[in-house]
Amino acid sequence: MSEPRRYRSDWRGAVQRLSADPRSVVAASVLLGLALLVAVGPMLAPHAPNAQLDITKLVHVPPSRAHLLGTDVYSRDVLARVLSGGRISLLFATSAVLVQTIVGTCVGLFAGLAGHRIDAIVMRGVDAGASVPRVLFLLALLAPLPHVPLWMLVLTVAFTGWFVTARLVRGEVRAIRTTEFVHAAHALGASRLRIAMRHLLPHVLGPVLVTSTLAVGHVIVLEAGLSWLGVGVQAPQASWGNIIADGTEFLSIAPWVSLAPGFCLVAVVLAASAFGDGLRDALAPGQLART
Amino acid sequence: MHALIQRIWHGFVVIALVATATFVLVRLAPGDPFAAALENARLTPALREQWRAAYGLDGSIGTQFAHWIASLARGDLGFSTSTNQPVSRAIAAALPNTLLLIGTSIVIAFMLGIWLGAVQAAGRGGIVDRCIGAITLIGNAVPDFWLALVMLLAGSYWLRLFPVGGVADLLLPLGASWPVLLLDRARHLVLPVLTMVILLVAPIARLQRTALLDRLGAEWVRTATAKGVARRTVFRRHAWRTALGPVVTMGGIALPSLFGGAVFIERVFAWPGMGRLAAEAVAARDYHLVVGCVLVGTVMVVIGSMLADHVSAWLDPRLTQDGFEPGRGLA
């Protein structure tokens, strides 16, 4: 059996290693830059994201000085929509990941600390959840509903995404629950809850953080996919996914509508996964040699 | 042998849970397959009841579920209201197309990914390693449906090399000879398969590279080198073979997302497979077809991950000893 991995809570060292790694720095700058751009961009943009500028003359205008990313079929400025949609997409992904991380960590801690039978039952449920094609499941769930408010969409996506975190946390907890310091805490009279929160949680926080960073990339693509299929963020509110959907029908005559938000998605996912990798290396320097 | 039975039992439990959850969830939402057609003031309530009863949509969820299980035991998946045929026939028509798409993609992606990862590991830190690494990083980040659109745009609109969609050219003469048909089918396959391969190859190559580097530093590999085994043989027989384990395991784990990806790719390329069928079934509130699609998808995922576990156990004999955990490789 492998001995329990040790994640010392060496956060300061991790931050130092992270800022010394050019890849992570670039990734973090891209993420921060994009976040800043979508936060203040819509205020600076010359056009409103939903304004139909001139539906007879300005339909499908190619990228130009006046419209940097062109206009779509309703003569809306694509740049303004990409900025405003980015706000929704990024907010959506971060909040959904936050929720799924919390749920997954709680379930994982619970299953890891519970007895064999409860653990087995919970983990079968997790296995089942992880076996379902997520997109298909969400599609089946969301398509029949007439209008899903954004917060409910976030929760629905989050509740189909916590399985991986739960599995990870449960595995880590199983590995360290029999170590001396847990026994010591138990002997000193600490309750199960206290052991979970004060002694086990800090140990799993590192890997959980890495998984969550990587999950941001997955969820932003998932949201885009659902919106593209028409069951995610609803028009007229822009999101990167439904802007791509607006352009899909006119791909051959106005490819810029679909291309621009796609490149944004690639940038975010690329940065999130690079940062996640950097974070993993920074948190577990012993494994650095492997990559 | 005991372990195998246990795995099959676990797989069965997973399938049962998924089927039950889907069955209940699709019925929780308001409306039903006939909502649009039957909620009509000109029809009497009795007539509506009669129609719902005819398609097994009356009664509580519990009774419906009992009926469904009973017919499932007879191999009957129910009747698809939107395509007006038995669910099994609708799935039988779509499944081969998806299997063709996914199967071809998996085979190509695994061969390419394993080869790329090995090339990277052999020349670790070099220019080739970095270039392939950068490409796979991007392949990991591209959204599936967007990549499919870009492929369509580039391959069909700009280059005009490949058809925009479908599985076959409908205008082919009826008596076309088989090489013509085969070529036509292949031409239709290129873009969707290319899309899927790009998406698949990136994680495979990355994992293969990591696993190989890990194995190359292992004791038994160093022992083999010390014994005087040729470098090529060490690489192939000792390191490469065991490093395949995690890759195969990942293939099993990645299956659900493959089916998810099929929804998008099939939609973009108008490929009449399971993903498209499921998406259309959902839109039409075709309960039995939705449940049938999810069920078939899950069964294939479970079988796939079981196969993956057994293949990786065969590749790395240590896995069959203790420490073997289903669904989890060595990495």
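B:Phe65 counts as partly exposed in this predicted model, because its relative accessibility is 22% and the class of partly exposed lies between buried, which is under 20% relative accessible area, and exposed, which is over 50% (1.4 Å probe, protein chains only). B:Phe23, by contrast, counts as buried at 0% relative accessibility. The model is predicted, so that local features need pLDDT of at least 70 and side-chain atom pairs count only at pLDDT 80 or more, while totals for chains, interfaces and linings use all residues. Residues are numbered from 1 along each chain as its sequence is written, chains are lettered from A and ligands numbered from 1 in the order in which they are written, and side-chain values use heavy atoms, with hydrogens and water left out.

A pair of aromatic rings is described by the distance of the centres and the angle of the planes. Rings of Phe, Tyr and Trp (its six-membered ring) pair if their centres lie within 6.5 Å, and planes under 30 degrees apart count as stacked, over 60 as edge-to-face and the rest as tilted. By this rule there are nine aromatic pairs over all chains. One of them is formed by B:Phe23 and B:Phe65, an edge-to-face pair with 5.0 Å centre to centre and 65° between the planes. The pair links distant parts of the chain, since B:Phe23 belongs to helix H1 (residues 2–28) of chain B and B:Phe65 to helix H4 (residues 61–73) of chain B, 42 residues apart; helices here are DSSP runs (H or I, at least four residues) and strands are runs of E (at least two), numbered from the N terminus.

B:Phe23 also pairs with B:Trp68, and this pair is tilted because the ring centres are 5.2 Å apart and the planes stand at 40°. Here too distant parts of the chain are linked, with B:Phe23 in helix H1 of chain B and B:Trp68 in helix H4 of chain B, 45 residues apart. B:Trp68 is buried, its relative accessible area being 3%.

B:His288 is found in helix H12 (residues 287–315) of chain B and counts as buried at 12% relative accessibility. A polar atom of the B:His288 side chain lies 3.5 Å from the backbone oxygen of B:Phe79.

In chain A, the secondary structure comes to 11 helices and zero strands, and the C-alpha trace spans about 75 × 45 × 30 Å along its principal axes. Of its 291 residues, 51% count as buried. One buried residue is A:Ser89, with a relative accessible area of 0%, and A:Ser89 is found in helix H3 (residues 78–113) of chain A. The side chain of A:Ser89 reaches the backbone nitrogen of A:Trp240 at 3.2 Å; not counting residues up to four places away in sequence, A:Ser89 touches A:Ile220, A:Glu223, A:Ser239 and A:Trp240.

H3(A) packs with helix H7 (residues 163–176) of chain A at an angle of about 35°, with their axes 7 Å apart; axes are lines fitted to C-alpha atoms, for helices over the stretch in contact, and angles run from 0 to 180 degrees between N-to-C directions. Among the residues that make the contact are A:Gly104 and A:Gly108 of H3(A) and A:Val169 and A:Val173 of H7(A).

Note on methods
A polar contact is a pair of N or O atoms within 3.5 Å; within protein, one must be able to donate a hydrogen and the other to accept it, and residues adjacent in sequence count only if both atoms are side-chain atoms. Contact means heavy atoms within 4.5 Å.
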